[in-house]
Amino acid sequence: MADVYSRIAARARELEADTARFLCDMVRVPSFSTKEKEVIEVIGKEMKVAGFDEVRVDGLGNVIGRIGDGKRVIAFDAHIDTVYPGDLSLWSFDPFSPRIQDGKVWGRGTVDQEGGMASMVAAGRIIKELGLNKEFTILFTGTVMEEDCDGLCWHYLIDKEGIKPELVVITEPTNLTIYRGHRGRMEIQVKIGGRSCHGSAPERGDNAIYKMARIALEIEKLNERLAQHPFLGKGTVVVSQIFFTGPSQCAVPDSATISLDRRLTLGETKDIAVGEVMDCARRAGYPDAKVEVLRYEEAAYTGLKYPVEKYYPTWLLEENSPFLTQAKEAYERVFERKPEVGKWVFSTNGVAIAGAHGIPCIGFGPGNEVYAHAPDEACPVEHLSSAAAFYAALVARMNGVA
């Protein structure tokens with residue numbers, strides 16, 4: 001009789017076509033942030049067909065599937081909202097008419113990040129069929145609003161639903177590599193006032209755009225001075241938007257505002273980042289500039305508002321973590337090769353789970369993150385079955401299956 005890890009791999013391959021079919025079912029239902037209701041219904045139905053012990057939707061609209069009722073809790077997470085397709089002329093097909101071709105599933109969300117959801121449900125089915133779980137309550141969360149506000153959904157799950165796993169597996173795309181962290185981020189706004197006057201005599205006024213331009217140039221210099229981490233990389237800051245107010249096109253503007261995208265490496269905090277921007281304003285000669293961290297206050301599709309500050313802390317799982325060791329062992333047993341370990345360039349729900357709440361996370365998902373938010377998005381079908389096999393193997397390993 002083949003060992004359990006061989007059986008896991010074989011069963012994942014047997015389910016591959018059905019896993020790809022489920023991914024197509026999700027792609028057909030556009031699921032932009034705050035508009036995920038219909039795809040949540042598709043996922044809930046699939047979880048029930050797969051034999052999950054419980055399927056429910058919380059007040060924010062996240063779908064939660066459960067397998068087992070052990071005292072220990074682990075979770076697998078996939079956000080199921082997607083970005084918009086953008087300029088349709090850049091696509092070679094309708095992004096919401098998925099197709100399976102050349103060994104890939106094509107369509108918006110196949111990589112970021114409904115492919116992870118498809119693999120999770122297949123893994124749940126394998127775990128049930130092969131009896132891999134004894135110790136755990138295993139939660140499979142299809143979470144909402146991540147593209148608009150990463151981590152919001154997990155703040156709600158932890159603070160309002162009381163869900164506090166000992167480990168969360170984030171199924172964002174990793175190209176089948178084990179990931180153990182990424183930089184955090186912030187959305188910062190800087191505002192400065194001026195004094196309007198007629199544009200024919202600008203010396204009578206105080207041009208807010210010129211003042212803000214000097215601050216922006218100091219921020220450009222700040223980017224070169226930011227901290228570096230040997231694994232996560234360098235912190236960055238960039239002026240991403242600029243706005244102004246004024247009486248007319250023929251007038252000196254009376255206010256200017258810029259938005260900053262700030263990426264935080266390990267050790268950089270909200271207070272540090274805000275202080276650095278305030279210092280840039282002082283260096284430019286404008287200590288009265290207003291610097292603030294923005295807030296997200298949009299309503300979920302359920303109508304619930306759960307406001308959060310747009311500060312998304314950095315997280316990193318230590319190299320000697322027992323969870324990382326178990327993940328490597330599960331990978332090696334199911335794939336019969338040693339894994340690579342890396343990090344995401346972008347941000348995930350880990351900013352809330354690990355960054356804010358200190359719950360350990362690892363990452364592993366189908367698809368390559370370079371195709372996230374890109375036209376002609378596509379995920380290899382083989383990645384779907386491989387990810388499902390890894391998730392089931394990790395559960396087996398954590399349950400002590402030899």
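In what order do the 3 strands of the open sheet run? I read the order as E4-E5-E22, with antiparallel pairing; strands are DSSP runs of E of at least two residues and helices runs of H or I of at least four, numbered from the N terminus, and two strands pair if DSSP finds at least two bridges between them. Strand E4 (99-101) and strand E22 (378-380) are at the edges with a single partner strand each, so one side of each has no neighbour in the sheet.

I note that this is a predicted model, in which local features need pLDDT of at least 70 and side-chain atom pairs pLDDT 80 or more, while totals for chains, interfaces and linings use all residues. Residues are numbered from 1 along each chain as its sequence is written, and side-chain values use heavy atoms, without hydrogens and water.

Strand E5 (residues 104-106) pairs with E22 in the antiparallel sense over 3 bridges, and there Trp106 has Ala378 of E22 as its bridge partner.

Next I looked up the aromatic pairs, of which the structure holds 16; rings of Phe, Tyr and Trp (its six-membered ring) pair if their centres lie within 6.5 Å, and planes under 30 degrees apart count as stacked, over 60 as edge-to-face and the rest as tilted. Tyr331 and Phe335 form an edge-to-face pair, because their ring centres are 4.7 Å apart and their planes stand at 70 degrees. The two residues are 4 apart in helix H8 (residues 322-335), which means that about one helical turn separates Tyr331 and Phe335. I also recorded that Tyr331 is buried at 6% relative accessibility (buried means under 20% relative accessible area, exposed over 50%, partly exposed in between, with a 1.4 Å probe and protein chains only), and that Phe335 is buried at 15%.
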